[in-house]
Amino acid sequence: MQAAMTVPDIETIETRLCPVGGATALRLGVTEAAQDPALRRAFSGRTAPIAPFTEAHPLYTHWSEKLSAVEFDGASPDGDDNAAFEEGMVKALDAGGWTVSLRKMPVLTPMGVGAYEKVLVTADGPRLMMLQFDASGAVALRCGDFELLRLSGDEELEWLAPGSSRPVMPVSPAGALGTLRPEDCAKPEIRDHLDQVLDEGAHPEINGIFDQAVAQDRYQTRLKTWLRWKIVASGRANGNALWKIEEQTAPFSGDQLEKDFNAFLAPVAAYGQAGNTDDAEAKCRVAAGVMLAEAKRAATDASRLAKINAALEAEGKRLGVNLD
C-alpha cells in the first residue's frame, strides 16, 4: 500500500516554499544574475528536498527579469491521495491565517484550485504573498509576491513600468571553455569542466559561441518589447500597425520553425541516449552538439529580430518618438 502524500506544515510553507529571503531562499525582486549562485543551482530543477515536491523552479518577471515567485512540482498518483493532499493544504493554510484571494492571478494549472494570500515578513520587509497549489494528477505549488506577479503579467502584454530604460547591448561573453567543439572532447580537462558545469545546473558559461548567440537573442527580444511599448505608449501608433511592420519586415514562417525544431531534435535525442553510457567523451560530444544546435537557432532568431527592431526604430523616429 502506497503511503499518503506528505502535506507541508505551515512553517515549511511560509519559510521554505515561499521565497521570504534569508540564507536558504532566493530574493524577491532581484534579477537572476544578482542571486546567490549556490541558491540559483539549488532552484534549477530536480533539487527540491521538500516532500512531496521533487523539482523547484524560480519564476522571473517577463521583461524586467526580477524574481516574482518560486514553483515546486512533483509526481503524484490520482485519486484519494490527491484529494487528501488538497484538503490537507486547505486546512494548513486556513489554520495559518491565509485567506482565499479574489485577486486576478496567472493560472497555475488548467485545473488549479485558486489562490490564497497573506502578508508575510520577508528579508526586504512585508509583502503580500500569493500561493496557488494543485494536485490534479501531479502536485504543484507556486508562492510569490502579488505586485511582482502582476508586473510580470503586464510585461508579457508589453505594458512596461513607466521609466523602463532601453536594453543595453550585451558585452560578448567569453565562455570558460572558449568555443566548444565536439573534437575538443578528446581532452580530459574539457570533459571534466563540462561535467562540472552540467552537474551544477549552472547557466551557459561553457561555450563562447553559445553564450554570444543566446545573449544576442535575449537582447533583441527585450529590445523589441521595449520599442513596441515606447511607440504604443506615445499614442502615435497602435499595436496592430506595428505587427504589420513586423510581418512585412520578417514574415513568420511556420515551416521554418518546424525545420529548425527538427534539426534540434537529433542532437537532443543523442544527448538523452548518452546519459545511459559511461563514455565521458561521447557524452561531451553530444553535449557540444546540443549547444551548437541551440547557438545556431538563437543566432537565426536574433538576426530576424534585429531586422524587426531596425524597422520599428525607423518607424518610431518617423513618428517623432524619443527612443533614446
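Which residues do ring pairs link into a cluster? That is the topic of the opening view, and the other legends follow in turn. Please keep in mind that this is a predicted model.

**Figure 1. Ring pairs join Phe-53, Phe-72 and Phe-85.** These phenylalanines are linked into a cluster by ring pairs. Across the structure, the count comes to 4 aromatic pairs. Phe-85 also belongs to the buried residues of helix 3, which is the subject of the next view.

**Figure 2. Helix 3 has a buried side and an exposed face.** Helix 3 runs over residues 80-95, 16 residues in total. From its first C-alpha to its last it reaches 22 Å, close to the 22 Å expected at 1.5 Å a residue. Its buried residues are Asn-82, Phe-85, Met-89, Ala-92 and Leu-93. Why do they lie on the same side of helix 3? They do so because they cover an arc of only 95° around the axis.

Figure 3. After helix 3 comes Gly-97, which has a positive phi, near 90°.

**Figure 4. A disulfide joins Cys-18 to Cys-143.** This is one of the 2 disulfides that the structure holds, and the S to S distance is 2.0 Å. With 95° about the S-S bond, the link is right-handed. Cys-18 lies in the loop between helix 1 and helix 2 (37-42) and Cys-143 in strand 6, so the pair ties together parts that are 125 residues apart in sequence. Are the two cysteines buried or exposed? Both Cys-18 and Cys-143 are buried.

**Figure 5. A disulfide joins Cys-185 to Cys-284.** Here the S to S distance is 2.1 Å. The torsion about the S-S bond is about -70°, so this disulfide is left-handed. Cys-185 sits in the loop between helix 4 (146-156) and helix 5 (188-200), while Cys-284 is in helix 9 (residues 280-318). The pair thus links distant parts of the chain, 99 residues apart. Cys-185 is buried, with a relative accessible area of 0%, and Cys-284 is buried as well, at 3%. With the bonded cysteines of the protein numbered in sequence order, the pairing reads 1-2, 3-4.

**Figure 6. Arginine charges sit over aromatic rings.** In one example, the charged end of Arg-103 is placed over the ring of Phe-146, 5.2 Å from its centre. In another, Arg-222 lies over the face of Trp-63, at 4.4 Å from the ring centre. Trp-63 turns up again in the next view, as a contact of Thr-225.

**Figure 7. Thr-225 is a buried residue of helix 6.** Helix 6 spans residues 208-233. Thr-225 counts as buried because its relative accessibility is 9%, and the cut-off for that class is under 20%. Which residues does Thr-225 contact, leaving aside its neighbours within four places in sequence? They are Trp-63, Glu-155, Glu-158 and Leu-160.

**Figure 8. Glu-158 and Glu-65 have positive phi values.** For background, most residues other than glycine have a negative phi, and most peptide bonds are trans. Glu-158, a contact of Thr-225, has a positive phi of about 65°. Glu-158 lies in the loop between helix 4 and helix 5 and, at 18% relative accessibility, counts as buried. Glu-65 has a positive phi of about 60° and is located in the loop between strand 1 and strand 2 (67-75). At 23% relative accessibility, Glu-65 counts as partly exposed.

**Figure 9. The peptide bond from Ala-51 to Pro-52 is cis.** Its omega is near 5°. Pro-52 is found in the loop between helix 2 and strand 1 (55-60).

Note on methods:
Residues are numbered from 1 along each chain as its sequence is written. This is a predicted model: local features need pLDDT of at least 70, side-chain atom pairs count only at pLDDT 80 or more; totals for chains, interfaces and linings use all residues. Side-chain values use heavy atoms; hydrogens and water are left out. Helices (H or I, at least four residues) and strands (E, at least two) are DSSP runs, numbered from the N terminus. The expected span of a helix is 1.5 Å times one less than its number of residues. Buried means under 20% relative accessible area, exposed over 50%, partly exposed in between (1.4 Å probe, protein chains only). The arc is that of the directions from the helix axis to the C-beta atoms. Rings of Phe, Tyr and Trp (its six-membered ring) pair if their centres lie within 6.5 Å; planes under 30 degrees apart count as stacked, over 60 as edge-to-face and the rest as tilted. A charge sits over a ring if NZ of Lys or CZ of Arg is within 6 Å of the ring centre and within 35 degrees of the ring normal. Contact means heavy atoms within 4.5 Å. A disulfide is a pair of cysteine sulfur atoms within 2.5 Å.
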